[in-house]
Amino acid sequence: MAIPDENIHPIATGNAAKTVAEHQAKQDLVFYSGWFCPFNQRVWVSLEEKGIPYQYKEVNPYKKEKHFLDINPKGLVPAIEYQGRALYESLVLCEYLEEAYPNHEPRLLPVDPFERAHAQSTEQQDAARQELYDAQRKLAQQVKGPYFTGKEFGLVDVANAPWVAREYILAEHRGYDGTQVGNGWSEYAERLATRESIIKTTSDEDKLQVIYDRYLRDEAQSEVAKALRAGRPLP
């Protein structure tokens, strides 16, 4: 019997499909992507924001090809391959792109060491909080505006944007109301959701809905879904 998630729509759609088409030429950096994955979108947004040349390769994580498993034994997207060497884990990749391409702007982490450490630790803390409103409220209090560290769009914004762009799912199915957060959260969320790099890497809602319907019905078989059921940290 086939795993239900194997039947997901195979490729990106909408604005994301146009972006995929622009990145099919061979490049030194290969981006292995799952169009539907918010962790994956973090890295995709970083690539687009910084204008780093990359070749896009779609991976169905439920039908993994041998080469992908050879470079990434965990078999999870996102992953990148550069001259035969591979890396994975979304925030690790975002930080790698920041260090490996210092001449590609904008810088997504502050240059100042103190500000840089603060930005990274805040993201880790927010990711661990159990109450969504409380976590968002605390994050909103630290937004210097218009983005987390001030005028420049940065790594904390990259880490949060894919989830913000999916808030409509919580609103439709879990009674979520971003206006209840206060502290300027709705305005910050709107700036993230309408950022060009987010729009360019987001597929059509109807295709995404198929994916998240499985989570809502507790039928998804992804590693994230398994971790949620077991109360483990997300992979």
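1. Helix H7 (residues 155–164) has 9 of its 10 residues buried, so it is largely enclosed by the rest of the structure. The buried positions in H7 are Leu155, Val156, Asp157, Val158, Ala159, Asn160, Ala161, Pro162 and Val164. Buried means under 20% relative accessible area, exposed over 50%, and partly exposed in between (1.4 Å probe, protein chains only). Helices (H or I, at least four residues) and strands (E, at least two) are DSSP runs numbered from the N terminus.

2. This is a predicted model, in which local features need pLDDT of at least 70 and side-chain atom pairs count only at pLDDT 80 or more, while totals for chains, interfaces and linings use all residues. Residues are numbered from 1 along each chain as its sequence is written, and side-chain values use heavy atoms, with hydrogens and water left out.

3. The protein chain contains 12 helices and 4 strands, and 45% of its 235 residues count as buried.

4. A salt bridge (a side-chain nitrogen of Lys or Arg within 4 Å of a carboxyl oxygen of Asp or Glu) is found 8 times. One of these joins glutamate 48 and lysine 200 (2.9 Å, N to O); the pair links helix H2 (residues 38–50) to helix H10 (residues 196–200), 152 residues apart. Glutamate 48 is buried at 15% relative accessible area, whereas lysine 200 is partly exposed at 24%.

5. Glutamate 98 and lysine 50 also form a salt bridge (3.1 Å, N to O), and both residues are buried. Lys50, Glu98 and Arg107 are linked in a network of salt bridges.
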